[in-house]
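Reader: Hi! I am new to protein structures and would like to learn how to read one. Could you walk me through it?

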Amino acid sequence: MWALVSLVIILCYLVSPVFAVQKQSKSAQKVKGVTHVVAAGQTLFEISQAYHVRVSVLMQANHIKSSTRLKPGQRLFIPGAKSVKKVKVYRPLTTQERSVLERSLSDEVVAPPLPTEPLRPRIKTDAELVWPIVGPINSPFGPRWGKFHAGIDIGSPHYQEVVAALDGEVLYADDTKGPLGKAVVIQHGRELRTVYAHLSIVIAQEGDTVRQGQAIGGVGDTGRATGPHLHFEVRQNGVALNPLEYLPSTIDELVQDLSRKQ
Ligand SMILES: [Zn+2]
């Protein structure tokens, strides 16, 4: 008798995952969306832009572990989409575009591109970007030694992981052979670009789709740098913007704000 009961229990245990899977796939089917067939040259980033869906959402919906490359003919489920959209094709930089970009990658720009307002106090908890590394700001954006610092310098030990501040496509990942040393430039939507410089190692490759928070390289002191740090820039249509306007408040800023209010 007991042998029979235990057999039934064991059978139920073995069969239950089958039901669970069926239940799951039924609920997955409820999510509306369309199937996009990947054409040659289309990247996860360009697809995410066309459908206004985050790269991480596309990865999760399609069980994709690495965002970097897609295969032509690959079928992607786009959750929430109502119709199939036209998607741009990734185009590598031409030799001329590459040299123009490399020349623009300088730690400092001659004239301030925008009038700068005093920023503090700045409390931003709904910022679009994430910090590429955590560390103190050793040199802020703005006038410096008669020139203009085009980004912020974030202090950090060597080889600290640098992450993409926003979903994007790697436009440049190379040694600039200039003051910024080894650098990565990521193209985001709305003509927004971010620059990560003085890297010790570059992990990201040109043409890769990177999701927000994905590692792209390690902190270093390549180029003109007195010690390891990350030079981080935000540019829109080529104009350098203050990265702090796009980054969430630091814990220090939140604490200062709180003590001011009390
Ligand atoms: Zn700098």
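Author: Gladly! Helices (H or I, at least four residues) and strands (E, at least two) are DSSP runs, numbered from the N terminus. Lys-86, for instance, sits in the loop between β2 (75–79) and α4 (95–104). Residue numbers start from 1 along each chain as its sequence is written. This is a predicted model, where local features need pLDDT of at least 70, side-chain atom pairs count only at pLDDT 80 or more, and totals for chains, interfaces and linings use all residues.

Reader: How many helices and strands are there in the chain?

Author: The chain has 5 helices and 16 strands.

Reader: Is Lys-86 buried or exposed?

Author: A residue is buried if 20 or more other C-beta atoms lie within 10 Å of its own, exposed if 12 or fewer, and partly exposed in between; C-beta atoms are placed from the backbone. Lys-86 counts as exposed because it has 6 C-beta neighbours inside 10 Å. Of the 262 residues of the chain, 31% count as buried.

Reader: What is a nonpolar core, and which residues have the most contacts inside the largest one?

Author: A nonpolar core is a set of buried Ala, Val, Leu, Ile, Met, Phe, Trp, Tyr and Cys residues joined through C-beta atoms within 7 Å. The largest has 31 residues, and Ala-183, Val-184, Tyr-196 and Leu-199 have the most contacts inside it. Elements giving it two or more residues include β9 (168–175), β10 (182–187) and β11 (192–199). Apart from this core lies another, of 9 residues, among them Phe-45 and Ile-47.

Reader: How many residues of β10 are buried?

Author: In β10, 5 of its 6 residues are buried, so the strand is mostly covered.

Reader: How do I read strand pairing, and how many bridges join β9 to β10?

Author: Two strands pair if DSSP finds at least two bridges between them. β9 and β10 run antiparallel, joined by 6 bridges, and Val-170 stands opposite Ile-186 in β10. β10 also pairs with β11 in the antiparallel sense, over 5 bridges; there, the partner of Ile-186 is Thr-194. These two strands, β10 and β11, form a hairpin with 4 residues between them, and Arg-190 in the turn has a positive phi of about 50°.
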